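Please look over the notes below with the model open.

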Amino acid sequence: SSEADPATLRKLVGAIATRTGGENPAHAEKIAKGGLTEDNSVAENVDASVLSAQEKAEVEAALANEGLQNEWKNIGIFLGLNSGRLKALNSMPEMIEMWLNKSYKVELFGEPSWQRLVTAVGSNAGARDKAAAEKIASLHRKPQ
């Protein structure tokens, strides 16, 4: 695993702390470090092309097919969505729409892509489901 440079880590921790309401800076740091340093080998060969709002149904189906309907808030926070705004949402489809519409700091968390989604699903700071991440990854490989 590679360590993030300190400046990038500080920016990411600050952004995550803001998104999680600032109530737990230690948790924000764990998410930031987990997102930057944990083994992302499952996502290495996954398509990193930017997803559009038109792909909402496909993203929703991928998460629902893996039984991740109850993990949408954790996935949303990992993807960079603000926890205050997530609390106002009632469902996974609303979270996916917010993500695909880039209602977050894209420059810190990256563009919406299958690669980012697979990382969020498999991350210990996201849905913590490596098997689901591998399944979604297998369906969305990088174009040859």
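What share of the 144 residues in the protein is buried?

1. Burial. Buried residues make up 44% of the 144. Buried means under 20% relative accessible area, exposed over 50%, partly exposed in between (1.4 Å probe, protein chains only).

2. Basis. This is a predicted model: local features need pLDDT of at least 70, side-chain atom pairs count only at pLDDT 80 or more, and totals for chains, interfaces and linings use all residues. Residues are numbered from 1 along each chain as its sequence is written, and side-chain values use heavy atoms, with hydrogens and water left out.

3. Fold. The protein has nine helices and zero strands. Helices (H or I, at least four residues) and strands (E, at least two) are DSSP runs, numbered from the N terminus.

4. Helix α4. Residues 72–79 form this helix, and six of its eight residues are buried. Among them are Trp-72, Ile-75 and Phe-78. Gly-80 follows α4, with a positive phi near 105°.

5. Salt bridges. The whole structure holds four. The criterion is a side-chain nitrogen of Lys or Arg within 4 Å of a carboxyl oxygen of Asp or Glu.

6. Lys-56 and Glu-97. Their closest N and O atoms are 3.4 Å apart. The pair links helix α3 to helix α6, 41 residues apart. Lys-56 is partly exposed at 23% relative accessible area; Glu-97 is partly exposed at 40%.

7. Glu-66 and Lys-135. This salt bridge has its closest N and O atoms 3.6 Å apart. Glu-66 sits in the loop between α3 and α4, Lys-135 in helix α9, 69 residues apart.
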